[in-house]
Amino acid sequence: MPTITVDGRQVRVEEGRTILQALDDAGLLMDGVDVPHYCWHPGLAVDGSCRLCQVEVEGLGGLQIACNTPVADGMVVHTTSDRVRDARAGVMELLLVNHPLDCPICDQAGECKLQDYAFEYGAAGARTREPRRALQKRVPLGPTIVLDQERCILCRRCVRFCREVTGTGELGIANRGDRSVIETFPGVELDNPYSMNVADICPVGALTTRDFRFKVRVWFLEERPGICTGCARGCNVWLGVAHGEVQRYTARRNDRVNGSWICDAGRLSYREIAAPDRLRTPLVRGEDGVLRSAELDVALDAATRRLRELIDAKGPGMLAALASAHLTNEDLAALRRLLDRLGVDAAGLTLVMGEGDDLLVHPEKGANAAGARAAGFGDPAPILERLRGGGLEGLIVLGHDLLHPTLLGSPDALDDLATLIVLDTHRSELERVADVVIPGRHLAEKGGTLVNAEGVVQEVAAAVEPPFPATAQAEVLDRLAEALAPRLAQAGGDG
Amino acid sequence: MYPRLPHVTGYLTEHVAEDDFVTLEGYRARGGWLAAERALREMSPEDVVDQVTASGLQGRGGAGFPTGQKWSFMPSDPDGPSYLVCNADESEPGSFKDRLLLERAPHKVLEGILIGAFATRAEKTFVYVRGEYSRAADVFESAVEECRTAGILGRNALGSGFGHDVVVTRGAGAYICGEETGLLESLEGRKGMPRKKPPYPAQVGAFGRPTTVNNVETLAHVPHIVANGPEWFRGLGTEESPGTTLFGVSGHVSRPGLYELPLGTRLDEIVFEHAGGVPGGRKVKAVIPGGLSMPALPAGQLDVPMANESLRERGTFLGTGGIIVMDDTTCMVRVACVTTWFFRDESCGQCTQCREGTGWLHKLCERIERGAGEDADLDVLRDVSASMEGQTICAFADAAAWPVQGFLRHFREDFEAHVRLAKCPFPASFEL
Ligand SMILES: Cc1cc2nc3c(=O)[nH]c(=O)nc-3n(C[C@H](O)[C@H](O)[C@H](O)COP(=O)(O)O)c2cc1C
Ligand code: SF4
Ligand code: SF4
Ligand code: SF4
Ligand code: FES
């Protein structure tokens, strides 16, 4: 492995990488070694056009762009010399020549690389008195993205993303020189399942998502790491939290899982967290057959009583449980403990299968399908079979994927169950037939460990509190187990 | 008679006045294609590269890169096809030499192409002709067709066993498509935007394959070098810059046009003796020695040999040898306006410094010309052009910055007078 020296620091690098890539590989880029850059992006091919990443390399005359200069053993790089500083200041000055003074009304303000670098590497005052170019300020590029042509610094990340990553190629640069503008090709819209990533990678406020535009000023956001729950890829996301609520997801880079991207559906799935159909309160069916809201303790008592009665009367063999691919490993372990205590063997996983693609989207719609399988929750077919044939008396079900047309479809088959305990985050048709419904927490509200489709184990912490009392599924399950334990121990259970 | 014949001819142009020189028969009758026969049948590619290297031939496309050395970068044992590109985009303002060679000596250029292709083991040559040069492209295509029919090109070129074909493509009107990698992008059907280097064309060129890009005139010298030997070539021109070149003289001179003269011929000799000096009894004010991209020289500095080694000492370059003469009625701020306008218009716009710098330079010059400039603007002109230099994907930004630096260096009074008087002090200058 070649070694290069950057500002006196030895860095071991991989053959064939460029200086910027090598710094990124070593985790030093903008975190130990500052080489400001616009066009380079770890998920895209080297472009070499913004010319901001210039560094001095001993032995090579002139300044070199770090993003496209291949490393060589023994190379000595300087990133803080006067020449480098002057060159950066020159580029920053030129980038601002035509830039509108929009910061007060720009959505990017606060997370804008032009602001940041101008502050860090630019000169104090502007020397240009020339008129700035006037262009279109609100160009809808498609259903998800709006372009402000004046704010664009023409780094072409968006263009290259659509060519290199999605292969859809909707964007191009029209005209040339200082008349260049980003445009969609005639008759084409920026409309692909990953389109909103361009807003993430746009270093300035030129590309904004319709979803987040003008919603919250970003300096009110606290960015907390999370994982998308949309599919078995388990893409890493940042949860932008303000006023106690998740306001957006943006892609969080993880080269082992999702690179720098997330799909649009996953990005918008933050909406599920504060969705109006969240299950806000426990529900218990009364003697009169009506489901009413109740305190958690009451609901847990009702569940305990029903499960105990069922097992006493029919034994654990008539009870089954269905786990969900949205549960964390901790939830699944708690469910396993409960089932072991109850002596219940019949357990399966309700997993919705859908469309996948060859970029990120996985056909398994649940972030922890692999974790659930590893915890012993497998094919639900035997349980579904028994449900349809009336061969079960009781069911504990987590989530409501069971109602998906490819699984049970309708709750009708559950009508005959003596006991149906539901633990869920969102409301569903299961309420029609459930005896006890207990609200659980969304991943963003509890954190936990997940295993993605490739077997990568990922752990995240809670990012927000639920806006209503809701208890993590693992805790609910443990409390149930505890409540059931003494009696079962007496009856010869495992204690 | 062909209206653009050179006033002074040399080995490159000696038969260009004769109409049948454009035909295969006419070219052969004057000794044409013998050099290629010799190279392909009797020499190895290495021999040809060695001869051209020994001749000291420098590229005539503007950068003056040693041709033999460029050829030596090509793989000798390629794992697939290699290509030669003949750069016939000639778009440098002040430059009009390649057009003559294409229209009046197409077989000579083709012969140079075949020898160059053999030396670089290229199986195909793409001739990229400036879009406006439709006549040149037509003439050249006829010559290619003649050579195919005669077996000069084809699977067994000149019966040597070397296979080669030539494809003529036409540009669509962008100066930047003359830059070798902008050309390659355009050739492949994309927008003409130069490629970052590395990789260099000799590694990854046209259609991803090793490629050499040579100017039309460069290739036209090659048959003469092979026929007469490197020593003969070195006997012309200067020690460092051998051979003749085609100087194009335009602007305020009595006899504008082409002059084939040895490199190292003095600029004042070309302007005053050959081109007859400035008409109407006026004086020379400025001369751009090598096409619009090169810094201008003031009247007092024309005693310079036209070769890179000597021009460099005066802060300018030979470029494409396009000499533009301006008389003493000329407003150098207006010249700066048209120059910066040209580069602003033609910048491909990828690189920050070039995209924004060309526009800024132009706006500054316009404002100064309008009489709205300030002293500080001159410093901004200097700093902006300095920021553009040596820091971009291609040399276009340098080409845009250098002339401005030249105008400021030698004609600063013109700029200062505009600022002081708050108007243009040259009412008789050309109109913008
Ligand atoms: C902006 C720009 C425009 C150019 N235009 C031309 C051109 O029109 N014709 C040409 O032969 N070379 C042109 N060149 C030079 C080419 O990039 C290249 O160096 C040349 O074709 C190599 O040929 P040579 O080695 O035979 O000189 C241009 C370079 C730049 C930077
Ligand atoms: S819109 Fe944004 S990402 Fe696209 S080129 Fe402009 S600045 Fe770059
Ligand atoms: S690919 Fe899957 S995990 Fe990734 S963002 Fe989309 S839905 Fe979420
Ligand atoms: S220097 Fe100018 S012309 Fe050359 S690639 Fe950069 S922007 Fe384009
Ligand atoms: S990051 Fe290197 S040139 Fe843009």
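Visitor: Which residue follows H9 of chain B, with a positive phi?
Guide: This is a predicted model, in which local features need pLDDT of at least 70, side-chain atom pairs count only at pLDDT 80 or more, and totals for chains, interfaces and linings use all residues. Residues are numbered from 1 along each chain as its sequence is written, chains are lettered from A and ligands numbered from 1 in the order written, and side-chain values use heavy atoms, leaving out hydrogens and water. Helices (H or I, at least four residues) and strands (E, at least two) are DSSP runs, numbered from the N terminus. After H9(B), with a positive phi near 90°, comes B:Gly229.

Visitor: And at the start of H9(B), how close does a side-chain oxygen of B:Asn215 reach to the backbone nitrogen of B:Glu217?
Guide: B:Glu217 is itself one of the buried residues of H9(B). The side-chain oxygen of B:Asn215 reaches to within 2.8 Å.

Visitor: How many of the 13 residues of helix H9 of chain B are buried?
Guide: Buried means under 20% relative accessible area, exposed over 50%, and partly exposed in between (1.4 Å probe, protein chains only). Among the buried ones are B:Leu219, B:His221 and B:Pro223. The helix, residues 216–228, is largely enclosed by the rest of the structure, because the buried count is 11.

Visitor: Turning to charges, how many salt bridges does the structure hold over all chains?
Guide: A salt bridge is a side-chain nitrogen of Lys or Arg within 4 Å of a carboxyl oxygen of Asp or Glu. One network of them links A:Arg176, A:Asp178, A:Arg179, B:Arg344, B:Asp345 and B:Glu346. Over all chains, the total is 74.

Visitor: Which residue of chain A meets B:Arg367 in a salt bridge?
Guide: The N to O distance in this pair is 2.6 Å. The pair crosses between chains, from helix H14 (residues 352–369) of chain B to the loop between helix H3 (113–121) and strand E6 (139–140) of chain A.

Visitor: How many residues apart in sequence are the parts tied together by B:Arg282 and B:Asp327?
Guide: Their closest N and O atoms are 2.6 Å apart in a salt bridge. B:Arg282 is partly exposed at 37%, whereas B:Asp327 is buried at 0%. B:Arg282 sits in the loop between helix H11 (267–274) and strand E7 (284–288) of chain B and B:Asp327 in strand E9 (residues 322–327), so the separation of the parts is 45 residues.

Notes: Polar contact = N/O pair within 3.5 Å; in protein donor to acceptor, adjacent residues only side chain to side chain.
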